[in-house]
Amino acid sequence: MQSKTILITGATSGIGLALAKKCVALGNQVIITGRNQTKLDQVASQLGVKAYLADSADLAQLVLLGEALQQDGIVLDGVVLNAGVFYPSSFVETTAANFDETIGINTKGPFFTLQALLPSLAQPASVVFISSIVVTKGFAGCSTYAASKAAFEATIRVLNIELADRGIRINSIRPGITATDIQAKAGMTKEQEMALFESLKATPVGRELNADDHLGAALYLLDDASLALRNAVIEVDGGYTL
Ligand SMILES: NC(=O)c1ccc[n+]([C@@H]2O[C@H](COP(=O)([O-])OP(=O)(O)OC[C@H]3O[C@@H](n4cnc5c(N)ncnc54)[C@H](OP(=O)(O)O)[C@@H]3O)[C@@H](O)[C@H]2O)c1
């Protein structure tokens, strides 16, 4: 895939950053978003890409993002709705504020990001949602996170119909457990992380995943090779859910 213009949300670390690097290396124009201006500036200058501050939980910023792209005359061949958080909490301890925070970033975020970006999407355009295996596999402490990803996957089914006449296709990747900053942000200690990754030696792939493991699926969904796909879900989980 080359010569496409691709916007990746939450591209300041992990899967989004790895994909931004790969898309640039292949010769595509990449636009990144993030919620932290310092990190965003660092990554933008490191990769030589355009960056826009857009906190997925801030609807005003999402509207501004859409307006800025139009002002800058940017037409997008692809969008990767990647920005997301994982804040584990048992069902019993989850507060309404915890629930709203995760749903605000992981569900409302991609919903209103895509709405704001619609005027900037080319025809055809590919939208890729970074979901999670939690949609079909239960993990203790993940009730809100699972709901947040499942809710947007359900939305995608509808959007593939409503946005069909604009040439927009939307598909998902469900990553399995992937070593990124998300574990530390979730409050895991290094020891807990190592124990988690050790347990993944029992999976068919025999190790934890890393951000690069998701690049093949993402590039395929962004490329014209996937033009006929709608609502596909690619589980990149190393066989964890088998
Ligand atoms: N790693 C896994 O095991 C795993 C498994 C399944 C699914 N996923 C999904 O994969 C996606 C990427 O996660 P990752 O593992 O690469 O984690 P990560 O390294 O923490 O990256 C997440 C990215 O999203 C950004 N972000 C978070 N909240 C945001 C907000 N409100 N507005 C804008 N950007 C925001 C982060 O910015 P900051 O750096 O400022 O926080 C960061 O750039 C997420 O949607 C996650 O749910 C990850």
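**Exercise 1. Determine how many residues surround the ligand and which are the closest.**

Solution. The shell comprises 32 residues, and the closest are Thr12, Ser13, Lys39, Tyr145 and Thr180; a residue belongs to the shell if one of its heavy atoms lies within 4 Å of the ligand. The model is predicted: local features need pLDDT of at least 70 and side-chain atom pairs count only at pLDDT 80 or more, whereas totals for chains, interfaces and linings use all residues. Residues are numbered from 1 along each chain as its sequence is written, and side-chain values use heavy atoms, with hydrogens and water left out.

Next, divide the shell by class: twelve residues are nonpolar, 14 polar and six charged. Here Ala, Val, Leu, Ile, Met, Phe, Trp, Tyr, Cys and Pro count as nonpolar, Asp, Glu, Lys and Arg as charged, and the others, Gly among them, as polar.

**Exercise 2. Identify the element that gives the most residues to the shell around the ligand.**

Solution. Elements are DSSP runs numbered from the N terminus: helices (H or I) of at least four residues and strands (E) of at least two. The helix α6 gives the most, with three residues.

**Exercise 3. Locate Thr180 and state its contacts.**

Solution. Thr180 lies in the loop between β7 (178-179) and α6 (182-185). A polar atom of its side chain is 3.0 Å from the backbone nitrogen of Ile182. Beyond neighbours within four places in sequence, Thr180 contacts Gly14 and Ile15, with heavy atoms within 4.5 Å.

**Exercise 4. State the backbone geometry at Pro124 and Ser3.**

Solution. Most residues other than glycine have a negative phi, and most peptide bonds are trans. The bond from Gln123 to Pro124 is cis, with omega near 5°; Pro124 is in strand β5 (residues 121-130). Ser3, in the segment before β1 (5-8), has a positive phi near 65°.

Technical notes: Polar contact = N/O pair within 3.5 Å; in protein donor to acceptor, adjacent residues only side chain to side chain.
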